[in-house]
Amino acid sequence: QVQLVESGGGLVQAGDSLRLSCTAPGRTFSRANMGWFRQAPGREREFVAAVSRSGSVILYADSVKDRFTISRDNAKNTVWLKMDKLKPEDTARYFCAADPAILTDPPKRVPSAYNYWGQGTQVTVSS
């Protein structure tokens, strides 16, 4: 069982910033496209951002583009999601996910493409 561990969530005010972190076992992490998803109560899990194995391909949801930044460090087995200019509608539980892939596979936007998931970290943005 591959375990992904997220951290960095919290309660902030609108306009503030947070940085989420996700670590995974080295063998899994270095060979996987990594994604961040979020889920608010009563809503489906939605795509936030993803990065390819090498870090060369990055995708964002339109709702977070220009506010959120995804990055990874394969030497540290860590992927981050830096969230700036947070809005109340960003309130959700944020999940890290890993999609083992070959080097040329692009990262995906759909949750079903990801084999491994963390437990999530809660982000609450007050107005």
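**Figure 1. The disulfide of Cys-22 and Cys-96.** Cys-22 and Cys-96 are joined by a disulfide with their sulfur atoms 2.0 Å apart; the criterion is a pair of cysteine sulfur atoms within 2.5 Å. The model is predicted: local features need pLDDT of at least 70, side-chain atom pairs count only at pLDDT 80 or more, and totals for chains, interfaces and linings use all residues. Residues are numbered from 1 along each chain as its sequence is written, and side-chain values use heavy atoms, with hydrogens and water left out. A search of the whole structure gives one disulfide. Cys-22 belongs to strand β3 (residues 18-23) and Cys-96 to strand β9, so the pair ties together parts that are 74 residues apart in sequence. Strands (E, at least two residues) are DSSP runs, numbered from the N terminus, as are helices (H or I, at least four residues). The angle about the S-S bond is -70°, and the link of Cys-22 and Cys-96 is left-handed. Cys-22 counts as buried at 0% relative accessibility, and Cys-96 counts as buried at 0%. Buried means under 20% relative accessible area, exposed over 50%, and partly exposed in between, with a 1.4 Å probe and protein chains only.

**Figure 2. The aromatic cluster of Phe-37, Phe-47, Tyr-114 and Trp-117.** Ring pairs link these four residues, Phe-37, Phe-47, Tyr-114 and Trp-117, into a cluster. Rings of Phe, Tyr and Trp (its six-membered ring) pair if their centres lie within 6.5 Å; planes under 30 degrees apart count as stacked, over 60 as edge-to-face and the rest as tilted. The structure has four aromatic pairs. In one of them, the ring centres of Phe-37 and Tyr-114 are 5.2 Å apart and the planes stand at 75°, so the pair is edge-to-face. Phe-37 is in strand β4 (residues 32-39) and Tyr-114 in the loop between β9 (92-100) and β10 (116-117), 77 residues apart. Phe-37 and Tyr-114 are both buried. Phe-37 also pairs with Trp-117, with centres 5.1 Å apart and planes at 55°, so this pair is tilted. That pair links strand β4 to strand β10, across 80 residues. Trp-117 is partly exposed, at a relative accessible area of 23%.

**Figure 3. Arginines over aromatic rings.** Arg-45 lies over the face of Trp-117, 4.7 Å from the ring centre. Arg-72 lies over the face of Phe-29, at 4.4 Å from the ring centre. A charge sits over a ring if NZ of Lys or CZ of Arg is within 6 Å of the ring centre and within 35 degrees of the ring normal.

Figure 4. Strands pair if DSSP finds at least two bridges between them. β3 and β8 are antiparallel and share six bridges, and Leu-20 stands opposite Leu-81 in β8. Strand β7 (residues 68-73) is also antiparallel to β8, with six bridges; Thr-69 has Lys-82 in β8 as its bridge partner. A hairpin is formed by β7 and β8 with four residues between them, and Asn-77 in the turn has a positive phi of about 55°.

**Figure 5. Surroundings of Thr-121.** Thr-121 is in strand β11 (residues 121-126) and counts as buried at 10% relative accessibility. Its side chain reaches the backbone nitrogen of Gly-9 at 3.1 Å. Leaving aside neighbours within four places in sequence, Thr-121 has contacts (heavy atoms within 4.5 Å) that include Glu-6, Leu-20, Ala-92 and Tyr-94.

Methods. Polar contact = N/O pair within 3.5 Å; in protein donor to acceptor, adjacent residues only side chain to side chain.
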